[in-house]
Amino acid sequence: MARSIQDIQQLIYAQKAQEPALENLNSTSKVAIWRLWVYIISVAIWSLEKLFDLHRTDIDKRLTELKPHTARWYRSKALAFQYGYYLAHDSDKYNNQWLTDEQIEASKIIKYSAVVESKNEGRLIVKIAGEHGDTLQPITDAQRQSFEAYLQEIKDAGVRLSVVNYQPDVLHLQMKIIYDPLVLDSNGQSIAKATKPVEETIISYLKRLPFNGELVLAHLIDALQQAEGVKIPHLVLAQSKNITSGGGYGAFETIEISKIPTAGYFTIDNFNDITYVSNV
């Protein structure tokens, strides 16, 4: 770990004090030439040590991600997929020698990925999603076909893979919000800002969830407790539905405590079942 500039300076001062030939360098002025040189050298050494730290971090990260036969490796490879380009011969990497940074970034259509092991089927499930603006969305059928061919090319022999490229799981909330009438109106709108803090908080909470992250109802309530004008957020019912093997959404199912989305991410259907009351 890089030492501080002050620590390096003190070490140089200590070494200088042990050299009789340098005893005439005794000015205590902060702008004395010899002190300025000590500072410059200290900054140079500190910068080099910081670069060493960055290099070590990068190497450790690469070793972790490139280790084969792990879910982390497959996730890293999913995010590295470049739509429209071919792999280098006998390699699991792309030859980007003739591509610009902009072309490389534009070809990486998979922005989110999570890889989990199926407990019953003996296969790896690769969940993916693209992005349009700030909104997560599935990649197209043509893009998925190319991605699946890519996985077949790079995967370890004998590993069975399934790709999940679904529309988001739909979350439905039925809530009763006890609100402060000095701050919110009966529709949950901020009197001063003309915003809806409860709805904004729910959307913000879902955005903060990591891809394939667990929705914990207690944590959602904690977030709502901090929303402007909210006295008591009471959750009556939480439900979600997801894309099934048939290609359409199934029925809503109750969420008791927490839920990991089948698609890897949630969207809220509407806020029609959130009611606001000014007293208990």
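Predicted model: local features only at pLDDT ≥ 70, side-chain atom pairs only at ≥ 80, totals over all residues.

Me: What makes β1 and β2 a pair of strands?

Reply: Two strands pair if DSSP finds at least two bridges between them, strands being DSSP runs of E with at least two residues and helices runs of H or I with at least four, numbered from the N terminus. Six bridges join β1 (residues 112-117) to β2 (residues 124-132), so the two count as paired, and they run antiparallel. Within this pairing, tyrosine 112 stands opposite alanine 129 in β2.

Me: How do you know that β2 also pairs with β4 and with β3?

Reply: Four bridges join β2 to β4 (residues 161-164), which run parallel, and isoleucine 125 stands opposite serine 162 there. Three bridges join β2 to β3 (residues 135-137), which run antiparallel, and in the hairpin that they form, with two residues between them, glycine 133 in the turn has a positive phi of about 65 degrees.

Me: Why is the pair of phenylalanine 81 and tyrosine 150 called tilted?

Reply: Rings of Phe, Tyr and Trp (its six-membered ring) pair if their centres lie within 6.5 Å, and planes under 30 degrees apart count as stacked, over 60 as edge-to-face and the rest as tilted. Phenylalanine 81 and tyrosine 150 are 5.1 Å apart centre to centre with 50 degrees between the planes, so the pair is tilted. Phenylalanine 81 lies in the loop between α3 (71-80) and α4 (101-107) and tyrosine 150 in helix α5 (residues 141-154), so the pair ties together parts 69 residues apart in sequence.

Me: What makes the pair of tyrosine 94 and tyrosine 150 stacked?

Reply: The centres of tyrosine 94 and tyrosine 150 are 5.9 Å apart, and the 15 degrees between their planes make the pair stacked.

Me: Why is tyrosine 150 called buried?

Reply: Buried means under 20% relative accessible area, exposed over 50% and partly exposed in between (1.4 Å probe, protein chains only). Tyrosine 150 has 4% relative accessibility and therefore counts as buried, as does tyrosine 94 at 13%.

Me: How do you know that lysine 16 sits over the ring of tryptophan 34?

Reply: The criterion is that NZ of Lys or CZ of Arg is within 6 Å of the ring centre and within 35 degrees of the ring normal. The charged end of lysine 16 sits over the ring of tryptophan 34, 4.8 Å from its centre.

Conventions: Residues numbered from 1 in each chain as written. Heavy atoms only, no water.
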